[in-house]
Amino acid sequence: MNEQVRRQPDGCRRPLSEAYDTALLDLDGVVYAGGQALAHAVESLTRARDGGMHLAYVTNNAARTPQAVADQLSGFGLPTGPDDVITSAQAVARLISEQVPAGARVLAIGGEGLWVALRERGLEPVRSADDDPAAVVQGFDPMLDWGRLAEAAYAVQRGVPWFASNTDLTIPKERGIAPGNGALVEVVRSAAGGSPQVAGKPQPPMHRETVLRTGARRPLVIGDRLDTDIEGAYNGEVDSLLVLTGVTTPAELLAAVPQHRPAYVDEDLRGLLAPQPEVTADGGGFRCGGWRAEAAGDALDVTGEGTPLDGLRALCAAAWTAAGDGSCGAESQKVLERIGM
């Protein structure tokens with residue numbers, strides 16, 4: 001897939017839950033926001049699972065253990081075991097274990113999920129740069145203080161190999177968008193310089209970890225972020241569904257570069273349960289449902305009526321085709337208001 005430039009969202013005549021064997025689901029902004037399940041998530045995933053689709057939860061949040069995540073999902077009414085959860089902590093622990101001796105000490109700057117994942121790989125997490133670590137790794141921890149970041153900076157300054165579970169700059173929470181692990185990585189970079197090896201989405205180690213643990217043969221990546229979930233699917237050469245329940249706005253989707261263009265787009269996880277409408281070329285424009293969209297120079301135009309999502313799909317086709325392998329720079333807010341978005 002990543003050898004081609006996607007020009008428009010795909011159609012699918014069958015429900016996506018029937019066309020793909022495994023859903024690789026992001027959590028924050030897709031299934032829940034903070035401690036609350038998102039609207040329609042539990043019912044949609046239950047129906048998809050009951051229809052035979054395997055559900056696997058893939059998160060860049062390295063703070064919690066798979067068991068803790070599984071318990072939360074089960075509490076929402078989605079029976080889940082720890083083997084159904086894949087975290088960036090697991091991916092980065094595997095990456096480190098392939099580069100340091102067995103039993104090596106690792107300076108762990110992160111929550112319980114990171115410490116558990118390191119121990120599962122036979123590594124010894126430590127808390128100080130003076131403990132002679134063979135590597136230093138950062139993972140998200142909402143309780144992280146200045147002292148822990150300072151320890152990471154000291155180790156990196158001494159030339160200790162540096163790893164990060166992920167570099168998401170933000171994370172969706174109940175009250176809004178909060179700083180993510182990537183923001184904390186930037187704090188260490190500002191003090192110590194250099195760049196860490198990154199395991200989480202969109203990097204290949206996370207996709208490899210997910211496939212190894214799920215055995216997926218025809219997976220569908222489902223996420224809310226273009227630069228992690230959708231780009232991760234692009235790097236792994238698998239299809240993706242973007243849901244508009246998290247951080248990505250319709251305007252950002254229209255401006256997406258090729259590696260950020262999903263195969264499908266839908267309002268929320270109900271999109272798993274229905275066929276995806278086809279987008280068709282229509283003269284110099286594109287049609288989806290009752291809408292026709294066209295790019296003329298630096299402007300996007302849309303006419304017709306119907307569901308806002310069909311209008312967005314048609315606009316994506318017009319914008320992405322006009323942009324080619326770049327990003328559409330057209331002003332989109334007015335045209336999005338015209339379709340009700």
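Modeller: Before we start, two strands are said to pair if DSSP finds at least two bridges between them. Helices (H or I, at least four residues) and strands (E, at least two) are DSSP runs, numbered from the N terminus. This is a predicted model, in which local features need pLDDT of at least 70, side-chain atom pairs count only at pLDDT 80 or more, and totals for chains, interfaces and linings use all residues. Residues are numbered from 1 along each chain as its sequence is written, and side-chain values use heavy atoms, with hydrogens and water left out.

Biologist: In what order do the 4 strands of the open sheet lie?

Modeller: The order is β16-β17-β18-β19, with antiparallel pairing. β16 (280–282) and β19 (299–304) are the edge strands, each pairing on one side only.

Biologist: How many bridges join β18 to β19?

Modeller: There are 6. Among the partners, R292 is bridged to T303 in β19, and A293 to V302 in β19.

Biologist: And which residue in β18 is the bridge partner of F286?

Modeller: That is A293. Strands β17 (residues 285–288) and β18 (residues 291–296) share 3 bridges.

Biologist: Which residue has a positive phi in the turn between β18 and β19?

Modeller: G297, at about 65°, in a hairpin with 2 residues between the strands. In the hairpin of β17 and β18, G289 has a positive phi near 60°.

Biologist: New topic: which strands does helix α11 touch?

Modeller: Helix α11 (residues 308–323) packs on the sheet and touches β17, β18 and β19, where contact means heavy atoms within 4.5 Å. Its direction makes about 25° with that of β18; axes are lines fitted to C-alpha atoms, for helices over the stretch in contact, and angles run from 0 to 180 degrees between N-to-C directions.
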